[in-house]
There are 2 protein chains.
Amino acid sequence: MKTRDRILLTALEAFSARGVAGVSTNQIADEMEISPGNLHYHFNSKAELIKALYLCFNQDILSYTRTSERPVRTPQELWLLLALSFQLLAKYRFVFRDASYVLNRYPELRRPFATLLRQTRESSQRFCRGLVASGILDADSDTQEALAQGLHLQITQWVGYADLLQLGRVTHQDEQDPFALVEGINQVLHRLHPYLRPEVREAFTKPVPAEVIKEAI
Amino acid sequence: MKTRDRILLTALEAFSARGVAGVSTNQIADEMEISPGNLHYHFNSKAELIKALYLCFNQDILSYTRTSERPVRTPQELWLLLALSFQLLAKYRFVFRDASYVLNRYPELRRPFATLLRQTRESSQRFCRGLVASGILDADSDTQEALAQGLHLQITQWVGYADLLQLGRVTHQDEQDPFALVEGINQVLHRLHPYLRPEVREAFTKPVPAEVIKEAI
């Protein structure tokens, strides 16, 4: 792996575990056993490094969007699509969890952050429209808009919220709790449930088989 | 006002505007035109100061709980109750918005934070049970539990999320946007809507009169 990519990966892991405020670029260089100068050759500031991670997130959202454009036909496909979106947000958990700190500290990152926010919102809107088009949801355009906004909040804030619940249990939080992901998905399904078309309601209300869950997380 | 209370108020405002990471106890003393020594006489560390604000939040939640125990009879009462809870979370917006930073930086605050988390969750559960008892919602105990959890996420994360949307618009974020509060309340009402009893549905679906909104925010 190229040094630049190794820096990005190390930073992503460190930010996830200890928060952006708790990690300096020198610590990242230390962890990788490279010199601070070498790191600064690739990213001349912490803000630059964060911005590069935002761009990675952008790319991943675009490839997620391509996947999510295939029509959903079965409850398993819906479940897997939601698992993918939660996993994407979990991978870049620092982005939404530490946003307040990052955007106050580095105002120059507000514009690239706004792009991420717009992309994730459009993705939620497309997701809801897609379920209506597939004949799974019955929702007029106002309801679709309200659902999309609610899901955007639920999906983008879930990982940070689940981290807080973990911290609230006064346990260590380095390990990602797979249960939190299942719970997040179930929350979204519960939100959609009243709008399922009667003819698919039974199929889409049954619990998802354990092997689908195991495959997804 | 006593010096101790003035310190708490100044810290609360500064944390809301600039985030916990962006405010030192010396800056708070500066803003109040008191000496750092005087501030440290009342709070010997930033963690102590945050803990004291947690206790203020605890107290406010308890008095909110007493208000919320009166049965809801009209859509206006429901709207006002939700406005109160959003305002409470907005007053202490730093608590949930900056939690990841605070709990990583000051692990000794995890236990008092856990108390806040438990109190707010119980408050959401009581809110849902209350609406069922008043004959407004029709929901079995599983649905009540799922609704309570969803509302807890929506209400505790809303203010931070609304701040991000503001930042996403690349505007300044010192002023609290009253529209965001109305939108947050509407999101909760939309979440509850499918579970309204048919006999109250029409009344509880009408838009809330502008004077109620004006009075509440």
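This is a predicted model: local features need pLDDT of at least 70, side-chain atom pairs count only at pLDDT 80 or more; totals for chains, interfaces and linings use all residues.
Across the interface of chain A and chain B, the rule finds zero salt bridges. The size of an interface is often given as the accessible area lost when the parts come together. Here chain A and chain B bury about 3,700 Å² between them. Of that area, 60% is on carbon and sulfur atoms. Polar contacts are found as well: 14 residue pairs make them between chain A and chain B, with both partners at pLDDT 80 or more.

Now turn to salt bridges elsewhere. Side chains of opposite charge can pair when their charged atoms come close. Over all chains, the count comes to 14 salt bridges. One of them joins the side chains of A:R118 and A:E122, at 3.7 Å from N to O. Both residues lie in helix α8 of chain A. They are four residues apart, about one turn of the helix. A:R118 has 46% relative accessibility, so it counts as partly exposed. A:E122 is partly exposed too, with a relative accessible area of 34%.

Chain B has a salt bridge between B:E122 and B:R118, whose closest N and O atoms are 3.7 Å apart. These two residues are four apart in helix α8 (residues 110-133) of chain B, so about one helical turn separates them. B:E122 counts as partly exposed at 33% relative accessibility, and B:R118 counts as partly exposed at 48%.

Another bridge in chain B joins two helices. B:R18 pairs with B:E31, and their closest N and O atoms are 2.9 Å apart. B:R18 lies in helix α1 and B:E31 in helix α2 (residues 25-32), so the pair ties together parts of chain B that are 13 residues apart in sequence. B:R18 is partly exposed at 33% relative accessibility, and B:E31 is partly exposed at 44%. Salt bridges can also link up into a network, as they do for A:R93, A:R97, A:D98 and A:D163.

Aromatic rings come next. A pair of aromatic rings is described by the distance of the centres and the angle of the planes. The structure holds eleven aromatic pairs over all chains. In one, the rings of A:F96 and A:F113 have centres 5.8 Å apart. Their planes meet at 65°, over the 60-degree cut-off, so the pair is edge-to-face. The pair links distant parts of chain A: A:F96 sits in helix α6 (residues 93-97) and A:F113 in helix α8 (residues 110-133), 17 residues apart. A:F96 is buried, at 7% relative accessible area. A:F113 is buried as well, at 0%.

The rings of B:F15 and B:F94 have centres 5.3 Å apart and planes at 55°, so they count as tilted. B:F15 lies in helix α1 (residues 3-18) and B:F94 in helix α6 (residues 93-97), so the pair ties together parts of chain B that are 79 residues apart in sequence. Both B:F15 and B:F94 are buried.

How values were computed
Residues are numbered from 1 along each chain as its sequence is written. Chains are lettered from A and ligands numbered from 1 in the order in which they are written. Side-chain values use heavy atoms; hydrogens and water are left out. Rings of Phe, Tyr and Trp (its six-membered ring) pair if their centres lie within 6.5 Å; planes under 30 degrees apart count as stacked, over 60 as edge-to-face and the rest as tilted. Buried means under 20% relative accessible area, exposed over 50%, partly exposed in between (1.4 Å probe, protein chains only). Buried area is the accessible area (1.4 Å probe) that two parts lose on being put together, summed over both. A salt bridge is a side-chain nitrogen of Lys or Arg within 4 Å of a carboxyl oxygen of Asp or Glu. A polar contact is a pair of N or O atoms within 3.5 Å; within protein, one must be able to donate a hydrogen and the other to accept it, and residues adjacent in sequence count only if both atoms are side-chain atoms.
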